[in-house]
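Biologist: I would like to learn how to read salt bridges in a model. Please take me through them.

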Amino acid sequence: MTDRIEIWTDGACSGNPGPGGWGALIRWNGHEKELFGGDPATTNNRMEMMAVIEALGALKRPSKVTLNVDSTYVKDGLTKWIKGWKRNGWKTADKKPVKNQDLWMAMEEACARHEITWKWVKGHDGDPGNERADALARQGTDEARRRK
């Protein structure tokens with residue numbers, strides 16, 4: 001793993017649930033790539049997760065990735081909670097099914113090929129990468145709203 005890549009991701013939703021979008025900014029070796037997409041009927045958490053899945057899926061080979069997220073749900077889910085959920089048969093501590101299990105599984109698989117350093121950034125606080133990912137997520141929401 002020699003590539004060092006920095007990624008910012010964000011999700012957005014107009015209503016929760018409602019039309020939503022995800023966005024990702026990928027930077028490596030002086031290059032940038034922007035990704036976005038959306039869903040006409042989704043939640044903010046699902047869009048936060050999709051941003052990570054799609055960004056990591058866009059990488060062509062295993063890499064060292066700094067993943068900047070403003071979602072503690074995504075960061076803590078992958079770094080703290082998922083082991084317990086899996087051990088408990090995808091049930092929470094209070095024995096309820098884990099929400100978004102399909103995306104947790106997809107995100108775990110997307111992360112497995114890479115060496116990831118998770119970094120939480122405060123949303124809407126001037127971090128240029130986060131602001132760009134947010135704008136891309138809103139663009140995805142706008143497109144999803146038009147498809148509704």
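Biologist: How many salt bridges does a search of the whole structure find?

Modeller: Side chains of opposite charge can pair when their charged atoms come close. The cut-off here is a side-chain nitrogen of Lys or Arg within 4 Å of a carboxyl oxygen of Asp or Glu. The search of the whole structure finds seven salt bridges. This is a predicted model: local features need pLDDT of at least 70, side-chain atom pairs count only at pLDDT 80 or more, and totals for chains, interfaces and linings use all residues. Residues are numbered from 1 along each chain as its sequence is written, and side-chain values use heavy atoms, without hydrogens and water.

Biologist: Which parts of the chain does the pair R132 and E34 link?

Modeller: Helices (H or I, at least four residues) and strands (E, at least two) are DSSP runs, numbered from the N terminus. The R132–E34 salt bridge has an N to O distance of 2.7 Å. R132 is in helix α4 (residues 128–147) and E34 in strand β3 (residues 31–42), 98 residues apart.

Biologist: What separates R145 and D142?

Modeller: Their side chains meet in a salt bridge at 3.1 Å, N to O. R145 and D142 are three residues apart in helix α4, so about one helical turn separates them.
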